[in-house]
Amino acid sequence: KVYLAANPSHLEAVDPVLEGIARAKQDRLNRGGETFPVLPVLVHGDAAFAGQGVVAETLNLSQLRGYRTGGTIHVVVNNQVGFTTAPEASRSSHYATDVARMIQAPIFHVNGDDPEACVRMARLAFDFRQSFDKDVVIDMICYRKRGHNEGDDPSMTQPRMYEIIERKRSVRKLYSDTLVAHGDITEADAEEAVRDYSARLDRAFAEVREAAEHPNGANLEQPTAQVTGATTPASAPPPVPLEVIHAIGDAFGSPLDGFTVHPKLAPLLARRQEMSRNGGIDWAFGELLAFGSLLAEGTPVRLAGQDSRRGTFVQRHAVLTDRVSGDEWTPLVHLGRQLGRDTAKFWVYDSLLSEYAAMGFEYGYSVERPDALVCWEAQFGDFVNGAQTIIDEFISAGATKWGQRSSVVLLLPHGYEGQGPDHSSARPERFLQMCAEDNMTVAYPSTPASYFHLLRRQAHARPARPLVVLTPKSMLRLKTATSAVADFTTGRFEPVLRDENAAGASGIRRVLLCSGKVFHDLDAYRQRTGDTTTAILRLEQLAPMPFDELDTQLSAYPGAELVWVQEEPANQGAWTHVAMALMPTLGNRLRVVSRPASASPATGSSRTHGGEQTALVEAAFTS
């Protein structure tokens, strides 16, 4: 079976995506990671192979435990000109393929005018891959007969090269003349071969047209995200039984025999077991409850990112390391011991220090495995801009461009805690600007239970679409940002959370609308000042905008002033998105309280930040 990955014009962007698809196919075949029955083949241009950094990132994936696919065959079509750029202007290395030396991959340079040599190199490359499960590169030295397209004239910039090319006979002619000269075929045989090949092309063209008109009859492998049932609406996630919550707590409270828990982590594990009974569930355990409940239902979970096993903020501890031996223990892998039955696969990996290739890999994995919850986590949400090409070309537009469905989840730590301009904002405004046609979901939950239900909804949702979650930093350990056990065994994800603490609706003069972390700052100020005239509504989901749910909540406060409150500067965050969505119906009733518009996401001074935050919260109630 042959599968062709959808490929944008952005050079080499598809490389990690294809690797993710290949790994997902192999995991679906469930060969235990010991054999690699799916062969990735990547076709490159010489200038792009040398010039695009994602090539090096993808090569670096090749032998990592969470990413290896048993070796990729890289075919470099080395036509010695990148549009108008000659080799001396496009690379500092001698060969275009020298970047592959970083992983000590064998590189076979072969003359593209010699078909039999190319076949021998292809066989040798395949045998190497099958024998050693490692990448191999074929550098096929050839030329481009035309320019960048059929209307381009490359002789304007490469006159000497194209004077030689114009005099060259085609590869077919060179090869047929050689065979005739050797007596292997006659001139008539050569002409018959051309006629036969032309007839084959005509038949293939007709078959492709027929397949396009009757797609169900096409003998092509479809990614599993496109097959029947993967795009039909799904039912809501089932409620999670209390015994599953207990079992997940027990899985963390029951180390393997002989496992030495780090003394700083022993209280955490005991606390998780206690939380599963008595509540006060924090963000990290709420997330693990979502993962564990899905595993118990038979839904595989894959999480990868920089420091994702422990958690950037020392909060997750999905994998623990023996204090003495260095052995690893992943409690959710052993959840079946507590439940008395098998559970789905759980994979959690620390990624290479990459955003572009690492996110592309998880996107590709999710395309092939719609049955799994696939999450990519940024170390800080700000770093997501290193993968902007994947977001622009695949995540936001893949369904529209190619009908390619993905359920990938981006976990982006976000929040203003005075950590500076590079550790505050996941740039929600960029994602929200790209939201249209239900292409993806953007959410900023404010409680562990809300996040729990959001992840479970994502795993069950059909048709599949990407999910962007603005995850917390300070909320990870905020006592007011905890949830009761009953919040996990009942209910569902609510796009808008009503104010449970507001006084009677008749006394409300102002309604604050917000998302995520700033709610806790606003609520703390309201309690401290004894304000009884302000209600706070939380948009847990920013896109698609939950119009109906919001209308229902706002209808309780018909005469109240409406204020959108955000930590981000006015030209960033969700304000523009919210204003465009709500002002046609709310008009001048809605205004904003935020930091002033700024070129930088945040100040670099913690003292300045503190003053800004205090002023922002006060202004929400008093201005």
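Predicted model: local features only at pLDDT ≥ 70, side-chain atom pairs only at ≥ 80, totals over all residues.
**View 1. Helix H5 and its buried face.** Helix H5 runs over residues 115-132, and its 18 residues reach 26 Å from the first C-alpha to the last, close to the 26 Å expected at 1.5 Å a residue. The buried residues in this helix are Ala-117, Cys-118, Met-121, Ala-125 and Arg-129. Seen down the axis of H5, these buried residues fall within an arc of 110 degrees, so they line one face of the helix. An α-helix has 3.6 residues a turn, so residues three or four places apart point the same way. On the face of H5 that is turned away from its buried side, one finds the exposed residues Arg-123 and Ser-131. After the helix comes Asp-133, whose phi is positive, near 55 degrees.

**View 2**

View 3. Four strands form an open sheet in the order S1-S2-S4-S3, and their pairing is parallel. Strand S1 (41-45) and S3 are the edge strands, each of which pairs on one side only. From one strand to the next, the twist averages 20 degrees. Strands S3 and S4 pair in the parallel sense over five bridges, and Val-110 has Met-140 in S4 as its bridge partner. Helix H5 packs on this sheet, where it touches S2, S3 and S4, and its direction makes about 165 degrees with that of S3.

**View 4. Strand S12, covered on both faces.** Strand S12 comprises residues 467-471, and five of its five residues are buried. In a regular strand the side chains alternate between the two faces of the sheet.

**View 5. The neighbours of strand S12.** Strand S10 (residues 409-413) is joined to S12 by five bridges, and the two run parallel; here Pro-413 stands opposite Thr-471 in S12. Strand S11 (residues 441-443) is joined to S12 by three bridges, again with the strands running parallel, and in this pair Ala-443 stands opposite Val-469 in S12. Together, S11, helix H17 (residues 448-460) and S12 make a right-handed β-α-β unit.

Note on methods:
Residues numbered from 1 in each chain as written. Heavy atoms only, no water. Expected span 1.5 Å × (residues − 1). Buried < 20%, exposed > 50% of the residue type's maximum accessible area, 1.4 Å probe, protein only. Arc of directions from axis to C-beta. Pairing = 2+ DSSP bridges. Right-handed = clockwise from strand over helix to strand, strands pointing away. Axes fitted to C-alpha atoms, helices over the stretch in contact; angles between N-to-C directions. Contact = heavy atoms within 4.5 Å.
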